[in-house]
Amino acid sequence: MNLPKSSLLSFIVFAVVLSVAQLAAQDGNAAITTETFVRPPAEIADAVLAPRHMNVTLGNPNLNRLYFVRQQGDGPPTMKMLAKPFYRLAGEQIDWQANRSRQLGIRGGIGLEVTNTETGNTVTLNVPSGARVSSAVWSPDGSRIAFFVHTDDATHVYVADPANGNSQQINSQQITRTPIMATLNTNIEWTPNSRFIVATLVPQNRGPAPTEAIVPTGPQVRLTTPETNRIRTYPDLLEGPHERALLSHYTTSQLAVIDIENRRVRRIGEPAMISSVDVSPDGLYARVTRMTKPFSYIVPRRQFASTEEVWNLESGLVMATLLETNVRDGAPDDTTNSDPDPRSFSWRPDGQGLSFLKRDPRPEGDTNVEEEQE
C-alpha cells in the first residue's frame, strides 16, 4: 500500500499516540509520567522503519499496458557516492568524471524489473554488474525499453527486451562508443517508428577540460546598476572566467540519432549547449533548446539566455527559430511574466506543426492582467 507522505505521517502519529494510550490504560500513569522512551508495539516500529526503497509502484507501463517497468532501489546514497568529486556550476551539480548530472548517479537504482500484468511474473533486466540505472522509457510501440547505465566514468544507453530481460548497449561499436553527455539533457528520446534513439553525446575531438591559471589573469569584475534589483540570493553561482569555461565544456554536446538495429550513429548539426530535445511525431525534426552566452554571475543556469529551434534530423539544418530569450537577471526591465512572445511550444499530435501559448499585448493604459490564449 502506497500512502502520500502527509497521510503516512498522520497514520504513524495516530498509531504511536494510540500505542501510548494503550500502555497508559494498562499501567496507569506510569507510561506517561516516567521520563523514558516508550517503545511502540513491534508492528508500529516495523512500519516506521520499513525501507522506503522497497515500495512497489507500477507507474511506467508500455503502450498496451501489458508490462510495467520499475526501478529497483538500494536505499539512501552511500558516503562513497556522495564523496565523489563534482563541480557546482551556476546551480548545477556536474559529475565531471562521467559527463552527467550528479543526480543521475545518486538517484539512480541498481536495476530494472518488468512485471507482466497478465501472468504477474517479473523479469529483471540484464545490466552491467556494479552499474546504476535510470531514465527508463518505453519505445512508442511498447516492444522495448531504453535506459541509462551509469558507471563511474561514463553513461551509455541500453535497450532491453521486456519479455526475457536481455539488454545491449546500443553504442557499443567503435563508431558509436562515445558516451552520453547527460549534464543538461538527461532524457532519452525515441523516434515514433521505435527504430532510432535521439541522444546527446560527448563531442568528438573534444579537448581537455579547462585548467585554472595559477596566476590570476586579472581582477574579478562585477558591474552594478543604479536601479533596484529584485533578484534573490542563489547558491553555487559562477565565480569567474574559469568556471564559465568549465560550464561551457561540460554542457556542450553533440546531437545524434542512433539506429538500435545496427548501432550506427548519425551526428546531427554542430555541437551546442543542448538542454532539451523533443522529436516530432513524424520523426523528421526535433525541437532543440540551447543554452546560449553570455553567462551570468548573479542567476543560476536555468535563467540563462536560451534559443529554441527546429532542427532537421536528416541534414542538421536549423529550419526555424521559435524563441530567443535573454538572461533573466531580475532587473526592472525583466518582463518575463508579461512577455508577449510565444512560449510552451509542443508538437501537435496530428503532426501538423507546433502549438504554443501567446499573450495578447496589453493596450496602452490598461493595467488589467492579460488573458493567455493558445
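Strand 8 and strand 9 make a hairpin, with 4 residues between them. Strands here are DSSP runs of E with at least two residues, and helices are runs of H or I with at least four, numbered from the N terminus. The model is predicted: local features need pLDDT of at least 70, side-chain atom pairs count only at pLDDT 80 or more, and totals for chains, interfaces and linings use all residues. Residues are numbered from 1 along each chain as its sequence is written, and side-chain values use heavy atoms, leaving out hydrogens and water.

**Strand 8 and its partners**

- Strand 8 and strand 9 pair in the antiparallel sense over 6 bridges; two strands count as paired if DSSP finds at least two bridges between them.
- F147 stands opposite Y158 in strand 9.
- Strand 7 (residues 132-138) also runs antiparallel to strand 8, joined by 5 bridges.
- R132 faces H150 of strand 8 across this pairing.
- Strand 7 and strand 8 form a hairpin too, with 6 residues between them. G142 in that turn has a positive phi of about 75 degrees.
- 6 of the 6 residues of strand 8 are buried, so the strand is largely enclosed by the rest of the structure. Buried means under 20% relative accessible area, exposed over 50%, and partly exposed in between (1.4 Å probe, protein chains only).
- In a regular strand, side chains alternate between the two faces of the sheet.
- In strand 8, I145, F147 and V149 are buried on one side. A146, F148 and H150 are buried on the other.

**Nonpolar cores**

- The largest nonpolar core has 17 residues, of which A146, V157, V159, I170, I180 and I197 touch the most other members. Such a core is a set of buried Ala, Val, Leu, Ile, Met, Phe, Trp, Tyr and Cys residues joined through side-chain atoms within 4.5 Å.
- Strand 8 (145-150), strand 9 (155-160), strand 12 (196-201) and strand 13 (253-259) each supply at least two residues of this core.
- Strand 12 gives the most, with 3 residues.
- A second, separate core has 15 residues, including I94, L184, L246 and Y250.
- Leaving aside neighbours within four places in sequence, V159 has contacts (heavy atoms within 4.5 Å) that include R144, I145, W190 and I260.

**Aromatic rings**

- The structure holds 6 aromatic pairs. Rings of Phe, Tyr and Trp (its six-membered ring) pair if their centres lie within 6.5 Å; planes under 30 degrees apart count as stacked, over 60 as edge-to-face and the rest as tilted.
- Y87 and Y250 form a tilted pair, 5.9 Å centre to centre with 50 degrees between the planes.
- Y87 lies in strand 2 (residues 87-89) and Y250 in helix 6 (residues 241-251), so this pair ties together parts 163 residues apart in sequence.
- Y87 is partly exposed at 27% relative accessibility, whereas Y250 is buried at 5%.
- F345 and F356 also make a tilted pair, with centres 5.2 Å apart and planes at 40 degrees.
- F345 belongs to strand 19 (residues 343-347) and F356 to strand 20 (residues 354-359), so the pair ties together parts 11 residues apart in sequence.
- F345 is buried at 8% relative accessibility, while F356 is partly exposed at 33%.
- Ring pairs link Y87, W96 and Y250 into a cluster.
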